[in-house]
Structure formats: C-alpha cells, structure tokens
Amino acid sequence: MEQAILSLLISWGNFYVILGSSASALTGLQFVVITLGAEVDVLSTPTIRAFGTPTIVHFCAVLFISVIISAPWPTISSAGLCLDACGLAGLTYTVLVARRVRRQTDYVPVLEDWLWHCALPFIAYAVLLTAANILWRYPVQALFVIGATAVFLLFVGIHNAWDAVIYIALERRQRPKRTGDKD
C-alpha cells in the first residue's frame, strides 16, 4: 500500500516542475517590484513587510510544496509531516501578516487587500494542512487538493505582485517632479 501511494507522487512530477519553476521565476520578479518601489520612494519598510514580503513567502511556499512532493520519500507520512509544517507555518505567518497590515500607516487597506493578503492565504494554508493530514488515508484526493492549493497560492501571489506594480506606477505618476528626477 505504501509503495502504491509513493508511486502516486511520481505521477505529479511534471506538474510540480512547472509549478516550482513558475514560483521561482515570480519570486525573482517580486524582488524587481520591491526594488522599483524603493527607487520611487513609495514603499516603507513596514509597508513592504505587510504587503511585499508575504508575496515572496507565498511563492516560496509553492516552491517548497513542489520540492516536498518531488522528493524521494521513504514513506508518505514523511511527506505529510513536511506539508503539515508548511501549512502550519503558513497559517502562523498569515496571522502575523494581518497584524502587520493593520499596524502599517503608509496605506489604508481596503476590503480587497484584506481578502488577498490575509483571508485567501489563510484559507489556502488551512486547506494545505488539512490535505496533509489526510494524505496517507486518501492519497489521490489529498494530492489533488494539495496541487490546487499550490496553484491557488501562486495565483494569490501573482495578484498581489500585480497589485503592487499598479500601486507603484500610480504613486509614481501622482508624485510631483523634484529637481534632478529623470523623466
């Protein structure tokens, strides 16, 4: 039974190669977004910690999930424990993010911000934790839920990165030109 479950992980290989590669590339692009925000002097450290850093964490979580599923585990419970840890860490981090969003003062978050930066990631990590806990018992269903959760976190990150780019572009446009600024 254990070997049959472990062989299921192998069939997910290509899916996670694509997903992990995408998460890695998007992580690098998020660094560019943060750099642009710093150059324009739009984002302060508390704002970056509240809105920018979580996007990188979600991309890295997708990469980590991809690595876990792709690793040659001796038992499915080992993979499940690592996914449990990822889910629990994500839940904890999302609570920390909500506190940071509430405490930063550069930007007043709207409902969409609370939804995409706090609620949806919290739900995703809770689902990941649940799927990891049932992986050994319902492996086929759990693997589909884990895959869907990883894709969902990737899309949350893409949305949040795009949101940051738009915010930086609009702020840059609205700021008055200073002496020495380039066009």
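Predicted model: local features only at pLDDT ≥ 70, side-chain atom pairs only at ≥ 80, totals over all residues.
Number residues from 1 along each chain as its sequence is written. Local features here need pLDDT of at least 70, side-chain atom pairs count only at pLDDT 80 or more, totals for chains, interfaces and linings use all residues, and side-chain values use heavy atoms, with hydrogens and water left out.

**Stop 1: the largest core**

Select Y16, I65, I69, L83 and I146. Of the 31 residues in the largest nonpolar core, these touch the most other members. Such a core is a set of buried Ala, Val, Leu, Ile, Met, Phe, Trp, Tyr and Cys residues joined through side-chain atoms within 4.5 Å. Buried means under 20% relative accessible area (1.4 Å probe, protein chains only).

Now colour the helices that supply at least two residues each: α1 (2–11), α2 (13–39), α3 (45–70), α4 (76–103), α5 (111–134) and α6 (139–174). Helices are DSSP runs (H or I, at least four residues), numbered from the N terminus.

Centre on L83. Leaving aside residues up to four places away in sequence, L83 touches I65, I68, I69, L128, A132, L135 and I146. Contact means heavy atoms within 4.5 Å.

Next, select A50, F51, V97 and C118. They are among the six residues of another core, which lies apart from the largest one.

**Stop 2: L9**

Go to L9 in helix α1. L9 is buried, at a relative accessible area of 5%. Show its partners: beyond residues up to four places away in sequence, L9 touches I69, W73, I76 and L143. L9 and I69 are 60 residues apart in sequence, yet 6.2 Å apart C-alpha to C-alpha.

**Stop 3**

Axes are lines fitted to C-alpha atoms over the stretch in contact, and angles run from 0 to 180 degrees between N-to-C directions.

On the α3 side, pick contact residues including R49, F51, F64 and I68. Ala, Val, Leu, Ile, Met, Phe, Trp, Tyr, Cys and Pro count as nonpolar, Asp, Glu, Lys and Arg as charged, and the others, Gly among them, as polar.

**Stop 4: α4 against α5**

α4 and α5 pack at about 160°, with axes 8 Å apart. They too are roughly antiparallel. Their contact holds 17 nonpolar, six polar and two charged residues.

Note on methods
Buried < 20%, exposed > 50% of the residue type's maximum accessible area, 1.4 Å probe, protein only. Parallel < 35°, antiparallel > 145°, perpendicular 65-115°, else oblique.
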